[in-house]
Each structure stands twice: as C-alpha cells, then as structure tokens.
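Here is a short briefing for a first look. Keep the sequence and the model side by side as you read.

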Amino acid sequence: MTDLRCEIEEDHPGLHAAAVRLLDSSPPESVWTQWADWRDPRTVLVLRDCAEGNGKPVGRDDWCTLFTGHPGACSCGLLDPEHEKFLAAHPAYRHLFERDGPEGFLAD
C-alpha cells in the first residue's frame, strides 16, 4: 500500500492508523502502521482486532475493522465520506454494497 489513509474517525485523539495486512491468527490480529501527522509512517505493529459489532441480527450485522482500544467510534458506526461521494456520483454501483433489500447495507 502506498497511499495511506487514517481509518479512525475524523478528529480523533492520538496517532493516525491504517491497516497494512490481515493476519491468519487466533486471536484475530492485523498489522497496522501509525503516524503523528501526514508524513511517513514511523511505526509498524501487530494489534488485536476490535471485537465490537453493530448489534444487528445475522445478515445485517457488521463488525469493527479497527484494533482493540482504538480511539473514537468503531468502524461499523462510521460512514466513509469518500465512499459516499463515489456512490453519489456512480449510483449504479450502490447495489454492490446493499444487503437484504432496498434499505441496503448502509441504511439503519
């Protein structure tokens, strides 16, 4: 990956972070890089995956893709503004992200 983007909610405290690689481990872990500003990442570490979900029934469930103890909200409760902008400009792709009918994956 050459274009890192912080995966934690906007305006969070602490370091920025981006997942680099998922690991096939038990408990589930991933390789993350962290940085203090938009310069080159300085740290690479293995962190346990966050175990929080959105509490919806199977088929509508979603799980946090961040690491345990991350600052801010879990990823399953966040909207990605760049993703939403893409879908607004290209509505034909929205069906790829929908589940269980017209209310879709992104709707509550």
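Is Leu79 buried or exposed? Leu79 is exposed, because its relative accessible area is 58%, where exposed means over 50%, buried under 20% and partly exposed in between, using a 1.4 Å probe and protein chains only. The model is predicted: local features need pLDDT of at least 70, side-chain atom pairs count only at pLDDT 80 or more, and totals for chains, interfaces and linings use all residues. Residues are numbered from 1 along each chain as its sequence is written, and side-chain values use heavy atoms, leaving out hydrogens and water.

**Confidence**
- Over residues 100–108, pLDDT stays under 50.
- For that stretch, residues 100–108, the model has 19 contacts beyond four places in sequence; contact means heavy atoms within 4.5 Å.

**The sheet**
- An open sheet is formed by 3 strands in the order β1-β2-β3, with antiparallel pairing. Strands are DSSP runs of E with at least two residues, helices are runs of H or I with at least four, and both are numbered from the N terminus.
- β1 and β3 are the edge strands, and each pairs on one side only. Pairing requires at least two DSSP bridges between two strands.
- On average, neighbouring strands of this sheet are turned by 35° against each other, direction ignored. Axes here are lines fitted to C-alpha atoms, for helices over the stretch in contact, and angles between N-to-C directions run from 0 to 180 degrees.
- β1 and β2 run antiparallel and are joined by 6 bridges.
- These two strands, β1 and β2, form a hairpin with 6 residues between them.
- Across from Ala17 stands Gln34 in β2.

**The nonpolar core**
- The largest nonpolar core has 14 residues. Such a core is a set of buried Ala, Val, Leu, Ile, Met, Phe, Trp, Tyr and Cys residues joined through side-chain atoms within 4.5 Å.
- Ile8, Ala17, Trp32, Cys64, Phe67 and Cys74 have the most contacts inside this core.
- The elements giving two or more residues to the core are β1 (16–22) and β2.
- β1 gives the most, with 3 residues.
- Neighbours within four places in sequence aside, Ile8 is in contact with Leu15, Ala17, Leu66, Phe67 and Pro71.

**Aromatic pairs**
- There are 2 aromatic pairs in the structure. Rings of Phe, Tyr and Trp (its six-membered ring) pair if their centres lie within 6.5 Å; planes under 30 degrees apart are stacked, over 60 edge-to-face and the rest tilted.
- Trp32 and Phe67 are edge-to-face, because their ring centres are 5.0 Å apart and their planes stand at 75°.
- Trp32 lies in β2 (residues 29–35) and Phe67 in the loop between β3 (43–48) and α1 (81–89), so the pair ties together parts 35 residues apart in sequence.
- Trp32 and Phe67 are both buried.
- Phe86 and Tyr93 form a tilted pair, because their ring centres are 5.5 Å apart and their planes are at 45°.
- Phe86 is partly exposed at 36% relative accessibility, and Tyr93 is partly exposed at 43%.

**Back to Leu79**
- Leu79 sits in the loop between β3 and α1.
- Leu79 and Glu9 are 70 residues apart in sequence but 9.1 Å apart in space, C-alpha to C-alpha.

How values were computed. pLDDT is the predictor's confidence in each residue, from 0 to 100.
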